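Please read it with the sequence and the model side by side.

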Amino acid sequence: MAAAAELQGKYQKLAQEYSKLRAQNHVLKKGVVDEQANSASLKEQLKMKDQSLRKLQQEMDSLSFRNQQLAKRVELLQDELVLSESKGKKNKKTGEPASQLSQEQKNVFDEDLQKKIEENERLHIQFFEANEKHNLLETELRSKLEVLEMEAAQHQAVVDGLTRKYMDTIEKLQSDKAKLEIKSQTLEREAKDCRVRTEECQQQLKHLHADLSSRLGESLNIISEKVPFNDTRSSQYNALNVPLHSRRRQLKLRDLAGQALAFVQDLVTALLNFHTYTEQRVQIFPVDSATDAISPLNQKFSQYLHENASYIRPLEEGMLHLFESITEDTVTVLETTVKLKSFSDYLASYVCFLRKILPYQLKSLEEECESSLCTAALRGRNMELQRDMKKLTAVFEKLHTYINLLALPSTNPDRLLRTNFSSLLTYIASTLNGFHDVMKDIYKHYSQKAALEQELPTATQKLINTNDCLLSSVVALTNGAGKVASFFSNNLDCFTASLSYGPKGGMEFINPLSAECMLQYKKKAAAYMRLLKKPCCDSVPYEEALANRRVLLSSTESREGLAQQVQQSLEKITKLEQEKEHWMLEAQLAKIRLEKENKRVSDKLRNSVGNQRIEATQESLFTLNADEQEKEDAAEKALREPVQTASLVGMLITTENEEAPEADTREDLIKNHYMARIVELTSQLQLADSKSVHFHAECRALAKRLALTEKSKESSLEEVRQARQSITRLQDELTTTKRSYEDQLSMMSDHLCSMNETLSKQREEIDTLKLASKGNSKKNKSR
């Protein structure tokens, strides 16, 4: 299509050139024909003039011949006159009638001669005039003929050039005609392909239309039920939508806020130094407070200046809070920068402080002017400084007004337009530039004043040092003001783009409550996204889960295996408990033996003390041993008696007349009794545990079956719901695809129509070119 368009453009250009050349050729042909007609008429005129000239020449010849005849006749007459005179002289004596006759003849001859002479003169005059006219006419005609021949040669050259051009254009048109024929054939093939495609698309469209029309009603019902309203139509609902988060923009705004914080910190430091050194200067000049009392005005002024930190330090704190409120996760616009209001309040307090000290500063400068040490130059500098201080206070008031207006969208945005705030930012930039200019003037006038005061004879080193410090603080303040002004002007576009998060076409600001709700929604959305990004815990592989599910479903079949496992585990537990009891008894016996050995060792140690004590101890030990032996004998008798109850230790019936066995046999009997009792109790416990495990396994299997049935029920319900959703989604896709195919078909039909029109136009143009080429070839042949 692009090639066809280029060809068509070239063809149109050639056609336009051809039409221009044809028009020029027609004009030139007409001019040539007119010139040829003029030349033919001039030739006719020239022929007629030649004929008239020939006639006149013939008349001239006849007149000359007649003149010659008349001249000869005159000569003859003259001769005859001479003869007659001579004869008259001889014949004077003849009669009077002859003399009268000759006199009459003479008169006739004279008259005739006079007439011939006059006629001859008249003919000579006419001949001369005709000759002159003929010469003039001949020169004019010759000049015209030369001009016409030159014009004819020029026209012939133009005609030759045009014929060459026409031949070249005819050759080009013939080659273009061949190219256009080839391209027309290709376009016809493309048109055939497009027709085939359109037929296929129409068939697809019919199928899609039939498929989509069946789902359209249900999808419309679902849309009407599931989409109750569009929240973007209402500004109140649209304000609650979370805007797109641009991390790069937030980082840039935080960077800008950090730069602004650094600039404000520099300004705060410079302002603190400026007011502090101004206070020191008031106490030194014009009267030093160390040597003499200063005026009450300067005392009050110094007292107010001493309070400057309480008004200036909060500016840094407010800017710091504003910087901390701009984080990577928030949306920084005028509606959400609540901390800007606190900074505006701190700036208002500082402006009030400047208003409070301004009259005292002006009066202090007037007092300096009234002192005897003040010269005229110093007085002029003081007056300039008065004007500069008024300008500085006015600049800060204007800056506070603008910043207070900037803080309004976060507190009371009623009837505020965004377009006004873009101009407000430009006003702030111009105000900061004005602040820089005022500080430059203050530095200029303070430096001149310090130089003049240094030349005073009463200037002390303390005053000079204070002036230098004051100038350094003014320089720092000037540099800080310049940095702030350039920073704000350079980033004005970024600040203008961060006015509001509302829709681009909106004019008003969004309510701060809606902005706060939007930030809460944004935090919730961010938390939800973080939860989604958390990695999932390792799950059981699918095949293993299927195997476990089969095992759980066939838990009744694996009941015996579980019972065997439980039995084996219980046997291991009983063995371990028996070993535990055995080793506990062994430990008790070992403890008893250790106590006995300890007693024996103590007895041996006490033998060296005295025989009495040894004997007493031996008696006591003997009694103790007897008691222990009696206890052990009773225990052995109790072991030997049959058990009458099923208690843990059992009730033993002993005989009084049995002899006490040895200690070892008693210990063995006690151990055997407890071991038998433990075995009996563990067997009972194992039986009870096996029954409980059996019942518990059955209950778990039933509960798992119930849970599985519930899960299968829920999964089937979920599948049904998903199937319905997929049906609705397919219906929506069907409607969208139907619309898209309809649009594509309409576009293709329009495209085909336009292609057909272009083809028809190209064919018509080719036909016209053929006719034109045939006509040109015929003309060339005729030429």
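In which helix is the place of Leu 513? The place of Leu 513 is in helix H12, which covers residues 512-533. The model is a predicted one, and in it Leu 513 has a relative accessible area of 57%. Because exposed residues are those over 50%, Leu 513 counts as exposed. In sequence Leu 513 and Thr 336 are 177 residues apart, while in space their C-alpha atoms are 9.6 Å apart.

**The chain as a whole**

The secondary structure of the chain comes to 16 helices and zero strands. Of its 783 residues, 28% count as buried. When contacts between residues at least 6 apart in sequence are considered, 84% of them join residues at least 24 apart.

**Helices H4 and H6**

Helix H4 spans residues 247-284 and helix H6 spans residues 308-325; their axes come within 9 Å and cross at roughly 175°. That angle makes H4 roughly antiparallel to H6, because angles over 145 degrees are counted in that way. On the H4 side the contact includes Arg 254, Ala 257, Leu 261, Val 264, Val 268, Leu 271 and Leu 272, and on the H6 side it includes Ile 312, Arg 313, Leu 315, Glu 316, Met 319 and Phe 323. The residues of this contact of H4 with H6 divide into 13 nonpolar, five polar and three charged.

The length of H6 can be checked against expectation: at 1.5 Å a residue its 18 residues should span 26 Å, and its end C-alpha atoms are 27 Å apart, which agrees. Buried residues in H6 are Asn 308, Ile 312, Pro 314, Leu 315, Gly 318, Met 319, Leu 322 and Phe 323. These buried residues of H6 pack against H4, against helix H5 (296-306) and against helix H7 (339-370).

Gln 250 is found in helix H4, whereas the place of Thr 327 is in the loop between H6 and H7. A polar atom of the side chain of Gln 250 lies 2.9 Å from the backbone oxygen of Thr 327. Leaving aside neighbours within four places in sequence, Gln 250 is in contact with His 245, Ile 326, Thr 327, Glu 328, Thr 330, Val 331 and Thr 332.

Beyond its neighbours within four places in sequence, Thr 278 is in contact with Phe 301, Leu 305, Gln 361 and Leu 470. The table sets out the accessibility of these residues.

| Residue | Relative accessibility | Class |
|---|---|---|
| Gln 250 | 1% relative accessible area | buried |
| Thr 278 | 5% relative accessibility | buried |
| Thr 327 | 29% relative accessibility | partly exposed |

Gln 250 is buried at a relative accessible area of 1%, because the cut-off for this class is under 20%. Thr 327, at 29% relative accessibility, counts as partly exposed, since this class lies between the limits of 20% and 50%.

Note on methods
Residues are numbered from 1 along each chain as its sequence is written. This is a predicted model: local features need pLDDT of at least 70, side-chain atom pairs count only at pLDDT 80 or more; totals for chains, interfaces and linings use all residues. Side-chain values use heavy atoms; hydrogens and water are left out. Axes are lines fitted to C-alpha atoms, for helices over the stretch in contact, and angles run from 0 to 180 degrees between N-to-C directions. Helices (H or I, at least four residues) and strands (E, at least two) are DSSP runs, numbered from the N terminus. Angles under 35 degrees count as roughly parallel, over 145 as roughly antiparallel, 65 to 115 as roughly perpendicular and the rest as oblique. Contact means heavy atoms within 4.5 Å. Ala, Val, Leu, Ile, Met, Phe, Trp, Tyr, Cys and Pro count as nonpolar, Asp, Glu, Lys and Arg as charged, and the others, Gly among them, as polar. Buried means under 20% relative accessible area, exposed over 50%, partly exposed in between (1.4 Å probe, protein chains only). A polar contact is a pair of N or O atoms within 3.5 Å; within protein, one must be able to donate a hydrogen and the other to accept it, and residues adjacent in sequence count only if both atoms are side-chain atoms. The expected span of a helix is 1.5 Å times one less than its number of residues.
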